[in-house]
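I am keeping these notes while I look through one structure, entry by entry. I begin with the overall layout and then turn to single residues.

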Amino acid sequence: MSEENKVYVNENKFNGVSTLTISGTDNKRTVKGVARQFFRDEYGHSTSKVVAERKEHGLNKNEWEVMVADHSSGSLKEGREYEV
């Protein structure tokens, strides 16, 4: 395996991720704010990352897929090398 075919993956954050479906608004900022509030209400702490995309296939054009992540330094895996 030559050096140019090696890829190294190093995890530096552990992600606890929740996937939500949010509907009722066409405003992305509102969607992300509601997702943060939901996560805080349910889990008792703030999120570190919220990503929202409008659902492409659906009857309701105001429906969103939202991923909410809580990044921490716990349960990290050791780095790993892959051949590509």
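In what order do the elements of the protein chain run from the N terminus on? I read them off as β-β-α-β-β-β, and the chain has one helix and five strands. Helices (H or I, at least four residues) and strands (E, at least two) are DSSP runs, numbered from the N terminus.

Entry 1: Residues are numbered from 1 along each chain as its sequence is written, and side-chain values use heavy atoms, with hydrogens and water left out. The pLDDT, which is the predictor's confidence in each residue from 0 to 100, averages 79 over the protein chain, and 73% of the residues score at least 70. Confidence is highest in β3, at a mean of 92, and lowest in β5, at 70. I remind myself that where pLDDT is low, the predicted coordinates should not be read in detail.

Entry 2: I then followed A52, which is in contact (heavy atoms within 4.5 Å) with K28, V31, K32, W64, E65 and V66, once its neighbours within four places in sequence are left aside.

**Entry 3: a residue in a loop.** Is T47 buried or exposed? I found T47 in the loop between α1 (28-43) and β3 (49-54), and T47 is buried, because its relative accessible area is 16%. Apart from neighbours within four places in sequence, T47 is in contact with R36, F39, V68 and A69.

**Entry 4: salt bridges.** A salt bridge is a side-chain nitrogen of Lys or Arg within 4 Å of a carboxyl oxygen of Asp or Glu, and my search of the whole structure found two. In one of them the side chains of E63 and K55 meet at 3.4 Å, N to O. In another, E65 pairs with K55, and the closest N and O atoms are 3.8 Å apart. E65 lies in strand β4 (residues 63-72) and K55 in the loop between β3 and β4, so this pair ties together parts that are ten residues apart in sequence. Salt bridges that share partners join K55, E63 and E65 into one network. K55 counts as partly exposed at 25% relative accessibility, and E65 also counts as partly exposed, at 35%.

Note on methods
Predicted model: local features only at pLDDT ≥ 70, side-chain atom pairs only at ≥ 80, totals over all residues. Buried < 20%, exposed > 50% of the residue type's maximum accessible area, 1.4 Å probe, protein only.
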